[in-house]
Every structure is written in structure tokens, then in C-alpha cells.
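Hi,

Here is the structure I promised to pass along.

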Amino acid sequence: MTNLVNTNLGFIVYGLIFASFYGSATRIFDIENIPVVKYVAVAGRNVTISCPGVNEHSLIDTLIWKTTQTVAEYVNGSPLVNNPRITLLPGNFSLHISPTSSADTAEYTCLFNDRHSPEAIADLLVQDVPDPPGRPLVVSFTSRSVDLSWAHSQDARNAPVTNFIIETRVGENGDWNQVPPIYTKSHLTTYQVTELLPFTVYSFRIIAVNELGHSTPSKESYYFVTLREAPTGKPVTTIAHNTSATSVYISWKPPPPDTILGEFLGYRITYRTRDRHPDDVKEIYIRDSTVESHEIHNLETYTQYLVSIQVFNPEGLGPPTTVLVMTDEGVPTKPRNLSVLEITSTTIRISWLEPEKRNGVIHGYRVYYVYQNQTLLHLPILKNDAAQNSVFYYTLTNLKPFTDYRIIVTAFTLKYDGEPSEVSLRTDVGGPSPPKVLNLTCHSLDTLFFSWRIPRVYHSSIDFYIVNYRNLEYDDTHEIRISANASIVETSMVIPNLTTNSAYEVKVRGATVSTVNPKKVVLGTYCEPIKIALRANCEQYQPPPLRHNPYVDQELVILAGIVIGCFGLLLIILAIVLWRKCFHASYHEAGDQRPSERTDHKPTVQSNGWKTSCDSNGIVQTSIPSEEYINGQQQAMIDRFHR
């Protein structure tokens, strides 16, 4: 007999069972020793039952599949099937059921060519999820638990029930998924549900489980209410603030009525400072459930208080609602552990911790820095939430190199600036400015003579010069480091081991050892690169003087020009004064004499109180009164008229 097991169609052949005798009471034929082939299928999947004695080569005229009634027929070359889920496969006339259900469980016989008994009986067992259990009953309950009992499923659907799932609903209109389901560990039909809430409405339903899956839920249990306990609801705080340095005001709303879990008797208010032991509390009882506010007096100044509010009923106190309230704020103490983390030539990175006593809500920190008798606020202001692991960090930028600074950090509240923490330091040196090149000439066939002047701007000292040169035909550069001293104004050197008939580019920069980290060298800026051609006898053809940025010579020339200009202006003013006083006065005195008198005699100086101003070639020159000057001019005109 051919293999009747089809694994792709989702069923299992358990074996071949031989019947002892076939009774006429259960089958429509009476044939001894008819074998039984068992098929086990899962509901919802497909199964194919082979017709015993028929294969692809069998000649079939008529064929009929039966249980207690006809399932399928093959008559006159055509299949006849009444159920749309059942198909008579061509070829071997197997019975294909797709999909199966538990109602398909039966003994199937295949009769062909008018035979009265089959060669074997196909016993099909279709397993499915069980029917729902009975409605659960509440046997007993407390404020936190309930004992349930229910009946087994009426039909296990050919697979035994292994355990149950208990679903819980809170309230009459609650969601069944609100509480996680409970999985029992056996097929027993009793269970105690725990961890319930007191004075709460519950209902339950049961789901049976077998190896094929879950049944539909049972009818839900009747609603019941757990016993009373202390309240579970919390008051809702609406306002909590200080009214002075020694008092606070608090207001609230009562919890929902269904969380009181008993008669609402009133409120209990407790308060304590935040940093004290929880048992060190003071309490106030308000035995009126309609009161919704209270003011607490005689508190400590600038102190945080934990204020708790509870409702209470005959069973006890409910859970507290706690708020943090602070009396009016004052001046914060200075920030702690102000430290310098890193110093560069233009930046300083600092850190600090919050004040030991904040005395208010700190909204941020201000960082000031003082240098050259100037106090500046470094913006932006650091917010209080900028701390990293309770440590505040800040970097001051755009500072001046090698400059003394005093850094001040203060915390501030909405009302007050706190006490300052400060530290004094000096920024690191910066890189020197470019040196001034004085000369770059050929020294020999393979050397260059290079000289320069100390950079105009440097800090602390010049410790090194770095000469960088390269052959223009290559990208590789070479550096020569030379020790330096700020007292040496001009430095020169010979660059050796060069290649004749090649062009070179040469530049130099200064360097200063860091005052913060002696192992660090701060490099300056290179001067403008200078190019020169190295060739034979190039020392006889020296290039014209280099054009530099003569920042020192230019200042000297300007200063010398100003001095010479001022001196020349003084000489011109002096010459004008001498001309007006000497030569102009001599001309007017000579006009009062006759020509013959001017030729033969020296003028007579009259004693009229005027001082002699000068002597020129033996002629005494002096000033005369204005009246004599006018009379002399008139007489000279008369003499010229008579002539």
C-alpha cells in the first residue's frame, strides 16, 4: 500500500490500526479486518485523504467518498461535490479539504467501481481551539484580592485544555487590556487574583488554552467592589509660593471622590526643611473637607521647605502630595572651587561649582575680567542649566597675549548678585610678528647670506628663529632652527649645501617658549617669502636693495622730517624778524639825509632813549620815532622837487 502521509498539507499520520471485527451497528458494511488509517489535522489548514487501493494507474468507472453521508462522487467521468471546501483530486481521486474545521472529524470510506466495502477506513481527527469556559463566579474577596471559580469548556475540540488566561476589567466601562492578563499554570478551574485596588469595581473573564491556541473569552463575571482602605487619591497643588521671608502660602484641589475610599474627613499638612531628617516635621490638621488653602508662618529665612498635603478618612491617611517652597531669597554666596583649566595667548578656560548657599533660585552666572584698570562683563551670561555633572565651564576669548587678568565670577538671582569668586593670572605668550628681512645675497657657489631684524611685536622674549627654504623645483622644504635673544636686534646666517644654478625661496619666523607650558613653543608668522637665483659668480651681481616693510626706518624718516621741517620753519620766522627790524629800519633813516651827506658823513645818532639794534659794515642802525620818520619823508620829497 502506498504511503498515505502528506506532510505539505499539514496533517500527521499516526499509524495503522487493525480492527478486530466491524460491527453492523456503526458502519454500513460488515467486513472483517478492515484496516483503519488515522489522519490528524489542525483546523484552518489543509488535508488530503488518499483513496485506499486507487492510484494514478487505476481504471475508475465510479467512485464515492462517504462518512455518515455522501461527501463526494465520481460518476460518468465527472466529480460531484456538495461542500465548496472539499475537492476530488483528479488522477488518484484523493479527497482534499481546504481549510479543515473540527466538524470534519469523521471516518471516511472510499468505494470505487461499485464495490461494497473499502480497502481501508480513513479516520480523520481535526483539532481546534476549545470552546469558551463557563462564566467565572466570585467566591470571596478582600480589599486586595478575589477568589474565582468557573466551569470547564463544554468541548475541548479534540485537544485537552492545558491552562487558562484571566482577563481583568477595572470599572464598569474599563478596557480589558488595561491590566496585564494572568496566566494560570494548570487546568484547574479556581484561582485567587491578588494585587487589586481597594474600593474598586472589578470584573473578570476566562480564556481556555490548549496546544492549538486560545478559546474565545467566557462571559464576564458579575461586578463587585473590593473592601474599603485608606485613601489613595492625592490633592492637586495649584499654588505654592512665599509671602515673606518667614511664611509661605499653599492652595490645592481635592482628589477625585472615587479615590477617597471612605468618608472624607479633611486634610493633614506637614512641613519640614529640605535638608533635615524626614521625621523632623510639623503638622497641621484641617478637619474641614471644603478648605482648599492655608498659609504657614514662623519659617526660617531663605530656606527650602517640603510641604505635604494628605486627605484622611476613618481608615487612615492617603498618599501625600509634596511641593517644594522657598521663603524669600537673599544674596548667594560665592561660587566654589573657581579653577583655571587652560590658558592660551587669547583664551582662558575656567570652571566652578555652585555656591554653598544659594539663598534663592540661581538664574545664571556673570563672568567679569579686569585688566589695565578696566572691568568688563564677558558675554553671554552663563545660564544655570549649563552645568556638566554639577560643574560649570566657561571660556573667555579674544584676550590679549601675555597680559595680566583678574577674573571674577558671581551667581545671581532675580533680585540680587551674589558674592564674587576671583582668580588672577596672565595669558600665555603669542607668536611673534614677522621678522624684517635685511639682506639675502649669494655668498658662494652653494651658500646664501641671509640677515634679518628682530620682529616688531613679540611677548616676553624671542627664543628661536626658524629659517625655511626650498628649491623652487621641488616641494620639499628645509628648516634651520637658531637660538635667539631679544637683546640681539639683527641676526644673520649662511645657508649652506645649496645647488648652483637653482632658484630658492627663503623665509623666516620667530618663536617663543610658552610661559604656561615650557615644553610648548609658540610659533610666529613667517615673513613674506623672498626668491633668489644661485649661480656662479653671483656675488659679483648683487640684486638691488630688497623692498621691505620698513616699519622701523619709516618711523625714523618721518620723525627726522618733522624735526627738520620745524627747524626750517623757525629759521624762516627768524629771518623775517631780522629783516623787518634791521634792513627796513636802515632804509628809513637813510631817507632823511642829502645824498652828499650820506656819502661823506656818518649819520649822527641822537640820544632819544632808543636802543641801537645792530651794526652793519660800520654803520650804526637804529629805530626812530614815528614823528621824525614822517617829517623825514616830507623833507625828502621837497628836496627831490627842487632838484
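A word on naming before anything else: helices (H or I, at least four residues) and strands (E, at least two) are DSSP runs, numbered from the N terminus. With that in hand, you can find Thr303 in the loop between β23 (293–296) and β24 (304–313).

Two bits of background. This is a predicted model, where local features need pLDDT of at least 70 and side-chain atom pairs count only at pLDDT 80 or more, while totals for chains, interfaces and linings use all residues. Residues are numbered from 1 along each chain as its sequence is written, and side-chain values use heavy atoms, with hydrogens and water left out.

Back to Thr303. Is Thr303 buried or exposed? Its relative accessibility is 14%, so Thr303 counts as buried (buried is under 20% relative accessible area, exposed over 50%, partly exposed in between, with a 1.4 Å probe and protein chains only). Leaving aside residues up to four places away in sequence, Thr303 touches Thr273, Val325, Met326 and Thr327 (contact means heavy atoms within 4.5 Å).

Now the cysteines. The structure holds one disulfide, meaning a pair of cysteine sulfur atoms within 2.5 Å. The partners are Cys51 and Cys110, with their sulfur atoms 1.8 Å apart. Cys51 sits in the loop between β3 and β4 (63–66) and Cys110 in strand β9 (residues 106–112), so the bond ties together parts that are 59 residues apart in sequence. The torsion about the S-S bond is about -85 degrees, which makes this disulfide left-handed. Cys51 is buried at 3% relative accessibility, and Cys110 is buried too, at 1%. As for other cysteines, Cys527 is buried with a relative accessible area of 7%, whereas Cys566 is partly exposed at 46%.

Last, a sheet. Three strands form an open sheet in the order β3-β8-β7, with antiparallel pairing (two strands pair if DSSP finds at least two bridges between them). From one strand to the next, the twist averages 20 degrees (axes are lines fitted to C-alpha atoms, for helices over the stretch in contact, and angles run from 0 to 180 degrees between N-to-C directions). β3 pairs with strand β8 (residues 95–97) in the antiparallel sense over three bridges, and Val47 stands opposite Ile97 in β8.

Cheers
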